Amino acid sequence: MYSLLRKHLFPLLAVLTMAGGALLPAPATSGEQADRAVAAVQKLLASGHVAPGTRLHLGFKQGNIDAFLGRDLTLQKEWENLTGIVLDAQIVPQQSVRQTLQNDTGVDITVARNHEYPDLLAEGLVTDLTPLYAEYGFQLDDNATDGFIRPDLQAWVGERAVAIPADGDIVLLYLRRDLLDSPQEQAAFRKTYGRALAAPKTWAEYEDLLRFFHRPTQGLYGCAEERDQEGAWMYWMPRFLSATSPYQALFDAQMRPLLDTPVGVAATESYIAAVKYSAPGTTDNGRGYNFVLPLFAQGKAFATIFTVAGAKLFNGEGSAVRGKFITVAIPGYRHGGQLLHRNTPIYGNNLVIPKSAKNAKLAFLYAMWLTDPDISARSIGVTGGFADPYRWSHLRDARIREIYTAEALETFAGEWATTLPAGTGLRGDGDYLAALDRNLTAAARGEIGAHEAMKRTSAEWEAITERLGRAEQVRQWQASRKRPGGRS
């Protein structure tokens, strides 16, 4: 843990300190990575490996397309002017990329979430990019100046690079600053709980705050935390991972689930508890972030948990909580007098090249151009996009800091040192998480209890492991725990 702080957070804070908190402008130019990518495309054209008039087919989700193509398509136009390669963009469904790619979509590049990589690679749906990185000499650099924030989590499966980082999605806690600062609320909270009203450090303290501020008759809910079945694991996992020190593993060494345990049940009870302080209908099908985030932005909830994209929304024009919220680290548990919390990537839409792509090299070079430090700062600086900072330099860019707030970006920077890999990290991840999501949702709706949810999930996970082959799953699990960035 200390090595991660020393490597990533301390250099960033040093740069911010030297800047005196000032906003550091980023030039609207291309960098060395982008220039090399364009030169490589021109070489492919000159050699005849790519025909003039070739169109590159992009498949992006609605939330990414503005960021990746640029405001008023400025980045698309710039790429096309530099290379002569036309970008043909289409919207892909808001579903797992695994579902999308099981049918030949004809796209040359698309987006995938971090936890999806093992299944995509195992099923031959995406290209192993390691040879392309080597052929063109590009590095997944994590230097604290302008490197990728955590390429070990954002791009790799074992020894193979399967993605180009293009989004940074870990969870943060948003709270109403105006309510925390209110003398009347402070006095009432101290009278009720015997301690100062402050941002929570533990999940128990978080629940106390939700209970205190839950006032539905006054139009205020304790929280607006997502409980949609499609992403249940995302909001349960940080509770579970921080339950023991240095982290709580999902399986033992032989892939026996560690869910039907006191810590697994406690994490589930915490996940369920937030529903009591939420708006009616929060657990209904389809009630994802499009339902809960507007509640917080409209001033109708005290707290929410979401990615750093939440700061962009809450800080935007028309937000009722603009200037009235704070962004802090998610809660954890105390172990031996020390506070421990663990984060994980949740959404995260990074760039992958389908195995069926007809222009894989061209797609890779486009991705290298787009994720260049300078070009990507202009991409992330698009207010309407849901692609979030993924290079250290993004966190110092003046426009990006204005959009997200300096406080949110500094909290975001610190949280990467506590971040563990997304999902299970295993082949079959989609099946494991679907079982967990299904049972967590049943528990959140009051259909079963926390213990039953963990008991059922454990049984389903055992069946998945047996179906996939326990020996191979054990091998993958043990290998993942030894890798840099793994759960070691």
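**Figure 1. Contacts across the whole chain.** Take the contacts in the protein with a separation of 6 or more: 76% of them come from residues 24 or more positions apart. Keep in mind that this is a predicted model. The protein counts 22 helices and twelve strands, and buried residues make up 56% of its 488 residues. A compact globule with 488 residues would have a radius of gyration near 23 Å; the protein comes in at 22 Å, which agrees.

**Figure 2. A four-stranded open sheet.** Here the strands line up as E2-E1-E3-E12, with mixed pairing. Strand E2 (86–91) and strand E12 (350–352) sit at the edges with a single partner strand each, so one side of each has no neighbour in the sheet. From one strand to the next, the twist averages 30°.

**Figure 3. Zooming in on E3 and E12, with a helix on the sheet.** Strand E3 (residues 109–112) runs antiparallel to E12, and three bridges join the two. Look for Thr110: its bridge partner in E12 is Val352. Helix H16 (residues 360–370) packs on this sheet and touches strand E1 (55–60), E2, E3 and E12. The direction of H16 makes about 65° with that of E1.

**Figure 4. Helix H13 and its cover.** Buried residues in H13 include Gly264, Val265, Ala267 and Tyr271. Among the elements covering the buried residues of H13 are helix H11 (203–213), helix H12 (232–241), strand E10 (333–335) and helix H21 (450–468).

Note on methods:
Residues are numbered from 1 along each chain as its sequence is written. This is a predicted model: local features need pLDDT of at least 70, side-chain atom pairs count only at pLDDT 80 or more; totals for chains, interfaces and linings use all residues. Side-chain values use heavy atoms; hydrogens and water are left out. Two strands pair if DSSP finds at least two bridges between them. Axes are lines fitted to C-alpha atoms, for helices over the stretch in contact, and angles run from 0 to 180 degrees between N-to-C directions. Contact means heavy atoms within 4.5 Å. Buried means under 20% relative accessible area, exposed over 50%, partly exposed in between (1.4 Å probe, protein chains only). The radius of gyration is taken over C-alpha atoms; the globule rule is 2.2 Å times the number of residues to the power 0.38.
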